[in-house]
Amino acid sequence: MTTVDDESISSTDRKKRVTVEQRGIEYIPHEERHGRTWHLGAMWSGLVLNVLTVVYGTILVQLGLNWWQALLAIVLGNLSWILTGLVSLAGPAAGTTTFGASQLVFGRLGVRPVAAFNWLMMIGYEVLDLVVMVLAAGELLRMAGVTVSTPVQFVLVIGLSVLQAVLPLLGHHAVTKVLRMLVIPFAAIFLIMAFLVVDKVHLGHQGPSSIAVFLSGIALVASSSGLGWASSAADYSRYLPPATGRLSLTSAVALGGAIPQMLLMVLGVAIALAMPDSTDPVSGLSAVFPTWLVVIYLLLVIVQMVSLNAVDLYSSGVTLQACGVRLRRWQAVMIDGILCGVVGLAVVFAGDFYTFVSNFLLFMIVWFAPWSAVFLVDMWRRRGRYPDATASLRRSWSPPALSAQSIGMVASLVCINTSVFTGPVATALGDADLSVVAGLLVGGIAYGAFTSRMRTPPTDPATTDDVPIAS
């Protein structure tokens, strides 16, 4: 998948050169669209084969779910990867990023507050990844006999913040290629860990938790899997040819993300049952695994988190452009990287990793569940056909989309259950968290109702005016 816009360079020479991608949120011309759907599926596999996926599994045990409830929550929550696959269809069809296409749904100006929520979510994911990198690097230093003092942690945060910005600065081609390369080594290390931990797992006779806790577990899994990645889906599928098969693309993304994510979450459940007193994703590993494996694992964790944050930084950069901030993509990446480092310092020194992760994931549902529903209903209305994104928008605002988004967010918020806030509906239902279902259903139904008497959105560029789809 070539992202360099120098037409004089041959395809072979392009692949050999290391360059900074020049494309941002703007339309990707047909001649720059290459690759196959399995490339994209492999990228998502490489993305989810990381320690945070294991952490999400351990959090289910921390919530109080027994082993079979945790496994069922993992299966049900990962069905949300189907949504990610469906949103990916907008990439080849519109030729732009997820929030570039969202301008056609919410309007050129109306998309900005929604994109701002996505930008904040991406920053949050970047912070999570950075904190895990710092924890892994700190554990390696401790194993080497180095005291990890506050100044050392500060240096680690700054150094890793700089390191993680390299791949997203290079751009789409570099990010997707590295993630595909990481699939095999990470699959191997996690298979070894699974083999070594299986005889240390004691299922015990713990009774099932309440339905409220179980629903919270499903919500957490959904938000950390496909539903949480849906807003970035078209950022990467936009480089596929326009004629890419819809079923092939949806299947590649859904299966490429869901299967490895389910397996690693199950590994997380097993590790949590084997070392129930662990307070973060790296402490206590030496009590379960041999030292040589822990060292290799922690080194790979740093590499993987750098690659994972490349995706977050790339998507947050193009999302910042969709917010109307007039920056080049690489400038947006630099700003986001600095902000990630600052917030990361605060989280590292605050501690309480698992609580931060679970609250962050659950609160993000409030905006991205209704957004996913509105976006997909709009895609269905236009039959997956988008005007050429070099064309423009008739409207600056879309009252139906913005109203449905707002109503869906309210519905999700009143049904949420976190450690710092519980919505009134959740309270009335015995603390049952229905935020995912409420956000999806209310947002989608509201948008469908508001647009039921409207004509199908235009797909002919000639019907639009001269406001471009770009920042």
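Reader: Which residues do ring pairs link into a cluster?

Author: Happy to start there, with the note that this is a predicted model, where local features need pLDDT of at least 70, side-chain atom pairs count only at pLDDT 80 or more, and totals for chains, interfaces and linings use all residues. Residues are numbered from 1 along each chain as its sequence is written, and side-chain values use heavy atoms, leaving out hydrogens and water. Rings of Phe, Tyr and Trp (its six-membered ring) pair if their centres lie within 6.5 Å. By ring pairs, the cluster joins Phe99, Phe117, Trp367, Phe368, Trp371 and Phe375.

Reader: How many aromatic pairs does the whole structure hold, and what kind is the pair of Trp367 and Phe368?

Author: The search of the whole structure gives 12 aromatic pairs. Planes under 30 degrees apart count as stacked, over 60 as edge-to-face and the rest as tilted. The ring centres of Trp367 and Phe368 are 6.0 Å apart and their planes stand at 85°, so this pair is edge-to-face.

Reader: Are Trp367 and Phe368 buried or exposed?

Author: The terms go by relative accessible area: buried is under 20%, exposed over 50%, and partly exposed in between (1.4 Å probe, protein chains only). On that scale, both Trp367 and Phe368 are buried.

Reader: Where is Ser248 found, and which side chain does its side chain contact?

Author: Helices are DSSP runs (H or I, at least four residues), numbered from the N terminus, and Ser248 belongs to helix α17, residues 246-274. Its relative accessibility is 37%, so Ser248 counts as partly exposed. A polar contact is a pair of N or O atoms within 3.5 Å; within protein, one must be able to donate a hydrogen and the other to accept it, and residues adjacent in sequence count only if both atoms are side-chain atoms. At 2.8 Å, the side chain of Ser248 makes such a contact with that of Thr37.

Reader: Why is helix α5 largely enclosed by the rest of the structure, and which of its residues are buried?

Author: Helix α5 covers residues 81-88, and it is largely enclosed because 6 of its 8 residues are buried. Those buried residues are Trp81, Leu83, Thr84, Gly85, Val87 and Ser88.

Reader: How many disulfides are there?

Author: A disulfide is a covalent bond between the sulfur atoms of two cysteines. Here the rule asks for a pair of cysteine sulfur atoms within 2.5 Å. By this rule, the count is 0 disulfides.

Notes:
Helix = DSSP H or I, 4+ residues; strand = E, 2+ residues; numbered from the N terminus.
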